[in-house]
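I opened my notebook to go through one structure. These are the entries, in the order I made them.

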Amino acid sequence: WEAGPLPPAEIEVARLRNARKVNCVFCRSVRYDLAVRDGLTEARIEQIEDSYPDSDLSEREKLILAYTDQYLDNPAGLSDELQRALKAIFTPQELVHLSMVVCFLNGFSRCAVALGGMPDSMPIMQVSLPE
C-alpha cells in the first residue's frame, strides 16, 4: 500500500473495480483506512460502476478503471488510445505499480470467489493496515 508510487486511494479504486467485476462480496465490502485517510469517500466509491466514464471521478481514476477493466477482460487487447492516455498521465513506475496491484488483487479475489461460500451481501467495514 505504501511502498509504491500510487497513493492508497488510487490503489483502492483499482481494488474495488476488480472486486465488482469478479463479484467478490468480501472485497467489495472492505475499505482500507489508508485509502480513506487519503481522501477516498463512499461518494467516490459509488461512482466505480459501469457508467464511470460519465462520473465525477478524476481523469486518473477513470484511467485506472479503464486499465483495470482491460486487464480483467483482455490483457493483450490494450488499445493504442488507452496506452497513450495512460502514458500521458502516469509515470512508467506508476504503470508498473498499477499493473502489479491489479494482478495481485485479482488473484486474491478470484481465489476467494472460487473457494465458495460467498454471501449475497455484507456491511461496509473499515480495515486498518499496520503502519
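**Charges**

I began with charge. The mean positions of the 13 positive and 20 negative charges of the protein lie 3 Å apart. I counted Lys and Arg as positive and Asp and Glu as negative, leaving out His and the chain ends. I placed each charge at NZ of Lys, CZ of Arg, CG of Asp or CD of Glu.

**Ground rules**

This is a predicted model: local features need pLDDT of at least 70, side-chain atom pairs count only at pLDDT 80 or more, and totals for chains, interfaces and linings use all residues. Residues are numbered from 1 along each chain as its sequence is written, and side-chain values use heavy atoms, without hydrogens and water.

**Overall fold**

I looked up 7 helices and 2 strands in the protein. Helices (H or I, at least four residues) and strands (E, at least two) are DSSP runs, numbered from the N terminus. Along the sequence the pattern reads α-α-β-α-α-α-α-α-β. The C-alpha trace spans about 40 × 30 × 30 Å along its principal axes.

**Burial and contacts**

Of the 131 residues, 41% count as buried. Buried means under 20% relative accessible area, exposed over 50%, and partly exposed in between (1.4 Å probe, protein chains only). Next I checked contacts, meaning heavy atoms within 4.5 Å. Among those between residues at least 6 apart in sequence, 70% join residues at least 24 apart.

Is Glu94 buried or exposed? Glu94 is buried, with a relative accessible area of 12%. I found Glu94 in helix H7, residues 92-115. Leaving aside neighbours within four places in sequence, Glu94 contacts Pro5, Leu6, Arg60 and Ile89.
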